[in-house]
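Here's a quick briefing for anyone opening this structure for the first time. Have a look at the sequence and the model, then read on.

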Amino acid sequence: SAWQCAQANEMTLIYYFSHHTANACLFPVCALHHVAVTTVEGIGNTKSRLHPAQERIAKSHGSQCGFCTPGIVMSMYTLLRNKPEPKMEDIEDAFQGNTRSSAEMQHAMMSSSLFNSSEFQPLDPTQEPIFPPELMSNKQQKQLCFRGERVMWIQPTTLKELVALKSQYPNAKLVVGNTEVGIEMRLKNMLYPVIIAPAWISEMNAVQHTETGITFGAACTLSSVEEVLRKVVAELPPYKAEVFQAVLEQLRWFAGPQIRNVAALGGNIMTASPISDLNPVLMASGIIHLPLISPCSTEGKRTITMDEKFFTGYRKTIVKPEEILLSVEIPYSKKGEYFSAFKQASRREDDIAIVTCGMRVLFQDGTNRVEEIKLSYGGMAPTTVLALKTCKELTGRDWNEKLLQDACRLLAGEMDLSPSAPGGMVDFRRTLTLSFFFKFYLTVLQKLSKNHNALFAFHPVQDELSSLEDGEWRISWEVPRGQAVEDMVGRPLMHVSAAKQACGEAVYCDDIPHYENELYLTLVTSTKAHAKILSVDASEAQSVPGFVCFVSAKDVPGSNITGIANDETVFAEDVVTCVGHIIGAVLADTQEHSRRAAKVVKIKYEELKPIVTIQEAIEKQSFLKSIKRINKGDVKKGFEESDHILEGEMYLGGQEHFYLETHCTLAVPKGEDGEMELFVSTQNLMKTQFTANALGVPSNRIVVRVKRMGGGFGGKETRNTILTTVVAVAAFKTGRPVRCMLDRDEDMLISGGRHPFLGRYKVGFMKNGKVKSLEVSYYGNGGNSVDLSYGVTLLHLDNSYNIPNVSSVGIVCKTNLPSNTAFRGFGGPQGMMIAECWMSDLARKCGLPPEEVRKLNLYHEGDLTHFNQKLEGFTLRRCWDECLSSSSYHARKKLIEEFNKQNRWKKRGMCIIPTKFGISFTVPFLNQAGALVHVYTDGSVLLTHGGTEMGQGLHTKMIQVASRSLGIPTSNIYISETSTNTVPNTSPTAASVSADINGMAIHNACQTILKRLEPIKQSNPKGSWEDWIKAAYENCVSLSATGIPDLGYDFEKNEGKPFCYFSYGVACSEVEIDCLTGDHKNIRTDIVMDVGTSLNPAIDIGQIEGAFVQGLGLFTMEELRYSPEGNLYTRGPGMYKIPAFGDIPTEFYVSLLRDCPNSKAVYSSKAVGEPPLFLSASVFYAIKDAIYSARKDSGLTEPFRLDSPATPERIRNACVDIFTKMCPSAEPGTFKPWSVRV
C-alpha cells in the first residue's frame, strides 16, 4: 500500500487519453516521460477561479487541517474527468486510497444544510486543462536513460531492447509502478544500481482473449486488469467467470486506486509477497502458465507453471535473475467448477492481508464428488502455499458435512504456525484458514443447490457483511431567533483557509521556500531500548556527497537537559533508554544526502535489560514517583452493603497521533546576539521557545512562528521540542538555516502517542444495578520520561455515573519506550472506558438491560462528583433521552434480537453510551491567554492570539468572536499566524479550552478598543467603522488582554475545582460482526451533543464527527505493536491502520442540544475538540454485545474479557466456536512471542 500521504501528494497522470490518480511519493519522476501530470494547483486557484471539486469540499466544510485535502480533490477530479456522472460506489472507490485525518472524512462525502448548494459555481469545461497536443502523436519513442549519483534508470521501448538490457544487467530490477521497490529503497535501505522500466513495451501491455482464458501482459496495471475482467464477467455465462470474479473480489480490496493504477500484475507475482492478495488466487485457479524470456541463447523462451514449486522461499521464485516474465494467463472456469477468494485484514479497505486465500473445487460431472480441489493460502508461511495433504485427502470425496469436518481437522494440522511466527496473531491466522474453508464450503453448497445441514443450523454466509443502503448523514442545528444577519457568531462560516487548502496554496512549515545555504538534518537514533553507548563513529558519513557535519551532545552550547520534568536530554550521551532515542544528527546539503549519511553512522552498544510492558513495570516496581489518588466515602462499608461484587481488569492499547503533517522545524539563525527564528509545526510556542536553554541564550532571542499545522491532536504539545531543539542546535553550530521534516516512520518511532493503560477494578452494586462502591487502579505506560503522563484519568474514572464510595489510584509506569504524551482526551477516554467495562459486566450480572442500568446510575443536577465538584447546568439526562428517542433505540433493539435469532455467523449489537468531559487545564496557570488586536487606518483588523490553528477551526471562530465584539464584518479581520513576538507566554493549544480562553482574551481586547472609540462614536453616531478609525488615527490602538478562569484542584485534599465546566454527550451505535472472520461493520450512529451555544455549528459538528471517528480507530482498529525488546513494528500505514472512509457509520446522525447556553465561556459556547471522542466507545460495546450473542449460540453465557482495540483478531477469538477450539493456543511462557502488549 502507499507509504505516506502528504500534502498535494496525489496527482493525476494523463496517458492513453485517460486520467489516473497516483501517489507522488512513490511515482518516479523518470517514469513520467510522455505523460501529462496534473496536480491540485493546475485545476483551479483562489486568484482566478476554484475548480468545482475544490469549491465544494471547501464550502461543504470538508477541509479542516487541509493537509490531505489536495489528495481528496484530485481523487474526485480524476473520477469526474473519467465519469462525469459517477455513482456513489464510484465515489467510495475513488476515495479508498486516501489517508486523511479522522476529523475531515465525514464532510468530504456528505451533503447537509450546513451549506447552500446554490452558491456553488457550475462546472466550466473551458477551465479544464487540455491534453497536451505534443503527446498525441504516435511517434516511436526512443530508449531513455537517466543517471543519478547511485542509480541508473533505463526505459526501453521494445522487447528486444529489454532482453538486451537484461543480458547486460542480469540483476537489474524491473519496475512498473515502484510500489514495492520504492518502499524497499526508502525504508529497507536497499539499493538497486540499475532499474529497468518496461511499462511502455507493447507486448508487455497486451491483452489477449484465448480459448482457455485471458492473457495479460506482465506490465498491465491492476486497474486495467480490473477493467477488462469487469467487462468480460458481464458478458460471460457465470460458470466460466468463477476465477475472474475471485480476482475482482481481491482487487476490490487491493490497496487504493492510486496504487492499482500503477502497480503491475507481473510485479505482484514476482515480488513473491507471502501475503499477496492475488498469488493464492492464481495458484489455486488451475494451471497458470507464465511465459518467460531469457537473453541466453540456450534458454530463449520457456513457460513455467505457477504451482507449489513456484515460490522457493521468502520473496523468491524459480524464475532466474536474467529471465523476464512476459505475461500471465487467467483461465476460464469450467462447468462443475467453483472458485472463491477470501482476504482478512486489520481494515477492510486499502489494507494488506493478514491471511488471504484462493479455493477451487471441480466436481465429477453431474455429481457432488470432488474430482480436483486446490486450497492456496497467503499469510501462513514465508511463501504462498498449497494445502497439498488436505487436497489429496479430499479428492474423490462427496461434498458433505463429513468432508467439512475432515477438511477442518486436516487444515488445522497442515496450516500450523509456530507461536513465535513473524506477524503474530497466530491463533487468529490458524482459525481463519478453517473459517475461510467453511465459507467456501457453504458457498459451494449453495451453488450446488442442495439442502445439506452444516455443523450448526446456519444462514448462508457471504464473504462480506450484509449489504446496507447507501449511507446517510444528518445534522441538526439552528441560529438563535432574532439574531442580526451581519452577526456571524453561531453561523456555519466556512473555515477561513479552506479554499487555499483545497487548491494547494495553504503554506505549511515545509512549504516555506528554501533559504540560500540551507542545510537538511536527519536524526541518528538508537536501535536499542536500553543500552550504554560505547562509541559513535560518523567517519563513514563524511564520505557521502554533500555531508557537512555530525551534531551530538558535545555541540550543545547551553544545557543538554530538557523535557517537562527536566528528565530528558537533547542528545543521549552515555545511555539510551528507548528505541528512537536521539543520539545525534547529520547535516548535509540535501535531504537525500543527509539520509544516506545518517544511515552509515555506526554506534556500538552494551545492552541492558529493558522494561517494555506495564506488566514488567509492575513486577519490577518501575514507576514514576508521583502516584495520584482520589478517595471519597467509605469503600469498605459500600462493599459490605452491596448485593454483588464484581472484579476484573481491562487493557487499552495506545494510539499513534497520525497527524498528516509530521513534525517539522526550520531554524534560521539571524547572525547576531544569538537571535534565531523557528518555524515549527507545534501546538506549544512557549515550550518550543525554551529551546533557548539549549542554545544558552534568553528566550527573547528566540522567535517561534506557526502559521498552521496539518493536524496535531496533542502530539505537538510537547514532543515537537525533541526535534526543534536538535535543529536549533545544528543551526547555531553551523550558522546556517537548517530544516528537518520527519518521515512517517521516524515520527512514529520517536514521538510517542496515547498511553496504553491497564485498569483493575472491584465494584459493589445492588440487585437493581445501583453502584455502591468502587475500587480501581490505573497503570499507564508512560515511556522513558514524565512528559505529560500525569493526566486526568482519575478525574474521569466515573464517566457520568454517581458512585458514592470511591478508592482510586493512578500509577505511571516508567518503561523503555519513547515517552508517551498528550492525545485528544488526555487520559479521560482510558478512565471512562474502564468505567464502561465494569458497567457493561455489571448489567449482565444483574440480568438487566444495560441502558436501564446506565441511566439508573447517571448523575443528577447538583450532585457532587467523586472529586467533590458540584455539577451545574447538567444536561446529560436531556442528551440521553433525546438520543434514545432519535435513535429509535427500543424498536431497533427488538429487530436486532430477531436478526440474531435468524443468523448464526453474523450478529448485530447495539449500545448507548454517555460522556461527561471536564474542560480546563488541570494546571491552573495554563488557563490564561493573550490577544493582540491591530486596527489599521483603512479599518482593517489584524488579529493575533495565543492559540494555533491545526484544522480545528480556531482562527475561524476567533474571527467570528472579534467580528461580533467589534460589530464589523468578518471580511475586515485577518489572522496571519501565531508567534511569540506578538503574544508572549502562550498556553498550548490543547485541553479543548483554546476557543474559551483566547476568545475571552480577544473579546476583552476588543472591548478596550471600543471603549477608546466611544467618544469618537458619540461625536459621530452615524459614521461608519472606517470613519471612526480615521478619526481615532492619532490614538491608534494596539493592546494585549488576558482572561483567567477561577480554577484549581488539590489531589491530596480532594478539594477545589479542577474544571471550569463540563461538556456532555450521548451516542448510540449499532454494528454487525462476521463471527467467522472478526470483521465488523458500523451500521448506524446517533449522537446528541451539548456544545452550549455553538460559535460555528459547521466546525463543531466536524469536530464531533472527527473525534468520534478518531475514537473509532482507538477502540476498534489502531494497534501499536512492539517486539519483546521494545522495537516498534508499526511505523507507517502499511501496518498501522487508521479509519478509512468505509469505516464511517453507514448512517450517521449528529444533533446539537438546543437551548443550553454556557455562562462560563465566550458567547455561551462550549469546548468541543475532545469531549466527543469517547462516544465511539458505543461502537466497542456494541461489538461486545454482538459477541455475547455469538457466544450464547456456542453455549457460553458468562461475562468475558474484551480488551481494546476490538480488532478483527480479538473479535474472532472471542466468538468461541468449533473452529477456534481446533486451533488451541500455545501455553504462555513456552515460547517467545513475536510482539508483546505494552
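The sulfur of Cys408 sits 8.9 Å from the closest cysteine sulfur, that of Cys1223, which is too far for a bond. Keep in mind that this is a predicted model, where local features need pLDDT of at least 70, side-chain atom pairs count only at pLDDT 80 or more, and totals for chains, interfaces and linings use all residues. Residues are numbered from 1 along each chain as its sequence is written, and side-chain values use heavy atoms, with hydrogens and water left out.

**Cysteines**

- Searching the whole structure turns up zero disulfides (a disulfide being a pair of cysteine sulfur atoms within 2.5 Å).
- Cys664 is in no disulfide either, and its nearest cysteine sulfur, in Cys509, is 3.5 Å away.
- Cys408 is buried, at a relative accessible area of 1%; buried means under 20% relative accessible area, exposed over 50%, and partly exposed in between, using a 1.4 Å probe and protein chains only.
- Cys664 is buried too, with a relative accessible area of 1%.

**Aromatic rings**

- There are 28 aromatic pairs, counting rings of Phe, Tyr and Trp (its six-membered ring) whose centres lie within 6.5 Å; planes under 30 degrees apart are stacked, over 60 edge-to-face, and the rest tilted.
- Take Phe244 and Tyr332: their ring centres are 5.5 Å apart and their planes meet at 65°, so this pair is edge-to-face.
- Phe244 belongs to helix 8 (residues 242–252), while Tyr332 is in the loop between strand 15 (327–331) and strand 16 (337–345), so the pair ties together parts 88 residues apart in sequence.
- Helices (H or I, at least four residues) and strands (E, at least two) are DSSP runs, numbered from the N terminus.
- Both Phe244 and Tyr332 are buried.
- Phe1108 and Phe1148 make a tilted pair, 5.4 Å centre to centre with 45° between the planes.
- That pair also links distant parts of the chain, 40 residues apart: Phe1108 is in helix 30 (residues 1097–1116) and Phe1148 in strand 48 (residues 1147–1152).
- Phe1108 is buried at 0% relative accessibility, and Phe1148 is buried with a relative accessible area of 0%.
- One aromatic cluster brings together Tyr338, Phe363, Trp399, Phe437, Phe440 and Tyr441.

**Charges over rings**

- Arg964 lies over the face of Tyr1163, at 4.7 Å from the ring centre; a charge sits over a ring if NZ of Lys or CZ of Arg is within 6 Å of the ring centre and within 35 degrees of the ring normal.
- Arg854 does likewise with Tyr1181, at 6.0 Å from the ring centre.

**A hairpin**

- Strand 39 (residues 931–935) is mostly covered, with four of its five residues buried.
- Strand 39 pairs with strand 40 (residues 941–945) in the antiparallel sense over five bridges (two strands pair if DSSP finds at least two bridges between them).
- Val933 stands opposite Leu943 in strand 40.
- Five residues separate strand 39 and strand 40 in this hairpin, and Gly939 in the turn has a positive phi of about 90°.

**Helix 27**

- Just after helix 27, Gly967 takes a positive phi of about 75°.
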